[in-house]
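Please open the structure in your viewer and keep the selection panel at hand. The tour goes from one selection to the next and says what is found at each stop.

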Amino acid sequence: MLRALAFDIVYGVMEQQKQSDGLFHALVETDGKRKPLGGQEKAFLRRLAYGTIERIIYLDAVIDRYANIPVKKMKPAVRTALRMGAYEILYMDAVPAAATCNEMVSLSKKKKCAHASGFVNAVLRNIAKADKEELQREIESGAETGEKRLSLRYSMPEDIVHMMIRSYGKKTAEKIFAFFYEDRPVTIRVHTMNASKEQVRRELIQAGMSVEDGIYAETALLVTNAGKIESLPGFAEGHFVVQDESSMLPVLVSGIRPGDVVLDACSSPGGKAFHAVDVMKGNGLVSARDVSEQKLHRLMENAARLHAENIEIKVWDAALPDEEWRERAEVVLVDAPCSGIGVIGKKPDIKYHAMHNAETLPEVQKKIAAGAAAAVKPGGVLVYSTCTVNARENEEIAAWIAENLPFEPVSLDEYLPKALQNGMTKRGMLQILPGIQKSDGFFVAKFVRKQ
């Protein structure tokens with residue numbers, strides 16, 4: 001059953017362009033017709049499905065080496081079974097190769113490609129005979145260019161490899177790609193209105209977790225062996241939220257204070273809005289908004305869990321100025337939709353469409369920045385952020401804001417730890433590079449509205 005569920009996720013993402021997290025949660029949520037999955041079962045399902053999606057480029061190169069039909073010309077169901085089988089053989093050592101071959105043959109039959117079951121079996125058994133390290137060396141050595149070799153080594157689309165090398169150099173690009181594959185602790189932000197940092201630390205340690213202080217943010221904790229987050233002590237009581245340190249930066253640099261009026265323009269799932277609520281200690285107002293009712297569901301769930309009262313949740317298209325809020329807010333947060341390259345390590349399917357999205361999103365980002373900026377009062381603050389590392393969506397949008405809107409950039413250094421301060425932060429911008437800094441890729445820029 002687990003492999004059949006993993007098949008549906010991999011097939012949905014790679015053949016139907018569906019979103020991996022949505023598929024995963026839809027499939028693991030029981031409808032009463034089958035027994036709910038246990039923790040180990042969910043872990044196996046996630047590893048097989050997400051791991052296969054993550055390694056598709058290299059897996060396809062391996063399959064092409066042993067199959068007499070190119071992967072691109074195979075029927076989608078056959079291609080999916082081979083990709084999953086190759087991933088199990090190459091990356092899941094605890095699963096015997098013979099068992100993998102048998103399971104994928106069985107899965108092929110269930111997915112209405114019984115005619116290809118012999119083909120699937122033969123290709124996977126040949127892959128299982130290969131020496132993994134020698135196989136990787138041979139495949140990489142056959143690459144025509146250095147960019148192609150990196151693409152194969154890290155299963156990264158060549159357009160992303162090209163952009164990263166052009167922007168940051170080969171050495172830094174490779175550090176970033178390697179970071180995406182690292183096992184890292186879960187980062188949480190203590191919601192200090194409901195619990196102290198020491199209380200949360202103590203609760204988690206007593207439950208068997210390993211807990212360390214965050215690197216950049218005062219209220220961040222790094223939790224190892226976290227398991228199912230919803231089952232951790234303090235989660236249901238609203239003592240903390242899962243949030244990467246880089247995504248805490250917009251509120252940290254904003255200068256939000258108790259009593260302020262704050263608008264979070266692209267809010268779902270609400271990490272920055274609830275961070276602002278916590279900083280304001282229940283005084284003032286946060287208006288958390290997104291473009292559809294569906295996006296607001298998680299906001300409402302989190303508001304209830306965190307007992308957040310000074311927050312309004314509202315459907316709103318951020319590209320359109322809200323006349324009722326014109327020049328009303330001390331701070332407006334714009335965490336714009338972006339290509340997401342900085343969080344590929346957590347959402348591997350992003351990378352297959354990232355550079356295409358990066359071509360079309362800058363115009364959307366400009367419209368959202370302009371629409372939301374109308375709510376900033378004179379002397380107030382606009383914070384623009386993304387979870388990507390692409391200059392077209394970051395520095396170029398920041399430059400556009402300064403040139404086309406009544407705002408000027410302001411230094412971030414007052415709010416940042418020394419480890420993050422540099423020449424760029426003095427000019428009002430910060431680019432977090434995963435693998436260079438120990439956090440997800442993220443960009444933040446701060447502006448003050450001219451009086």
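A search of the whole structure, which is a predicted model, finds seven aromatic pairs. Begin by selecting Tyr-154 and Tyr-181, whose rings form a tilted pair with 6.5 Å from centre to centre and 35° between the planes. This pair links distant parts of the chain, 27 residues apart: Tyr-154 belongs to the loop between helix H9 (146–153) and helix H10 (158–168), while Tyr-181 belongs to the loop between helix H11 (170–179) and strand S1 (186–190). Is Tyr-154 buried or exposed? Its relative accessible area is 13%, and because buried means under 20%, Tyr-154 counts as buried.

Stay in the loop between H9 and H10 and select Ser-155, which lies there as well. Ser-155 has a positive phi of about 45° although it is not a glycine, and it is buried, with a relative accessible area of 0%. For background, most residues other than glycine have a negative phi, and most peptide bonds are trans.

## The open sheet S2-S3-S1-S4

Next, select the four strands that form an open sheet in the order S2-S3-S1-S4, with antiparallel pairing. Which strands stand at the edges? They are strand S2 (210–213) and strand S4 (240–242), each of which has a single partner strand, so one side of each is left without a neighbour in the sheet. Neighbouring strands of this sheet are turned by 35° against each other on average, if direction is ignored.

- S2 and strand S3 (residues 220–224) run antiparallel and are joined by four bridges; to see one residue pair, select Glu-212 together with its bridge partner in S3, Leu-222.
- S3 and S1 also pair in the antiparallel sense, over four bridges, and here Ile-188 stands opposite Leu-221 in S3.
- S1 and S4 run antiparallel and are joined by three bridges, where Arg-189 has Val-241 in S4 as its bridge partner.

Keep S1 highlighted for a moment: four of its five residues are buried, so this strand is largely enclosed by the rest of the structure. Then bring in helix H12 (residues 197–206), which lies across S1, S2, S3 and S4 and runs at about 155° to S2.

## A helix with one buried side

Move to helix H2 (residues 20–28) and select its buried residues, which are Ser-20, Asp-21, Leu-23, Phe-24, Leu-27 and Val-28. Why are they on the same side of H2? They cover an arc of only 165° around the axis, which puts them on the same side of the helix. To see part of what covers the buried residues of H2, display helix H1 (2–16) and helix H3 (39–54), which are included in that cover.

S5 runs parallel to strand S6 (residues 285–290), to which it is joined by four bridges, and Val-262 stands opposite Val-286 in S6.

The peptide bond from Ser-268 to Pro-269 is cis, with omega near 5°.

## Charges over tryptophan rings

For the last stop, select Arg-289 and Trp-316: the charged end of Arg-289 sits over the ring of Trp-316, 4.7 Å from its centre. Another arrangement of this kind is found with Arg-328, which lies over the face of Trp-325 at 4.2 Å from the ring centre.

Finally, select Glu-327, which lies in the loop between strand S7 (311–315) and strand S8 (329–335). Glu-327 has a phi near 55°, a positive value in a residue other than glycine, and at 39% relative accessibility it counts as partly exposed.

Note on methods: Residues are numbered from 1 along each chain as its sequence is written. This is a predicted model: local features need pLDDT of at least 70, side-chain atom pairs count only at pLDDT 80 or more; totals for chains, interfaces and linings use all residues. Side-chain values use heavy atoms; hydrogens and water are left out. Rings of Phe, Tyr and Trp (its six-membered ring) pair if their centres lie within 6.5 Å; planes under 30 degrees apart count as stacked, over 60 as edge-to-face and the rest as tilted. Helices (H or I, at least four residues) and strands (E, at least two) are DSSP runs, numbered from the N terminus. Buried means under 20% relative accessible area, exposed over 50%, partly exposed in between (1.4 Å probe, protein chains only). A charge sits over a ring if NZ of Lys or CZ of Arg is within 6 Å of the ring centre and within 35 degrees of the ring normal. Two strands pair if DSSP finds at least two bridges between them. Axes are lines fitted to C-alpha atoms, for helices over the stretch in contact, and angles run from 0 to 180 degrees between N-to-C directions. Contact means heavy atoms within 4.5 Å. The arc is that of the directions from the helix axis to the C-beta atoms.
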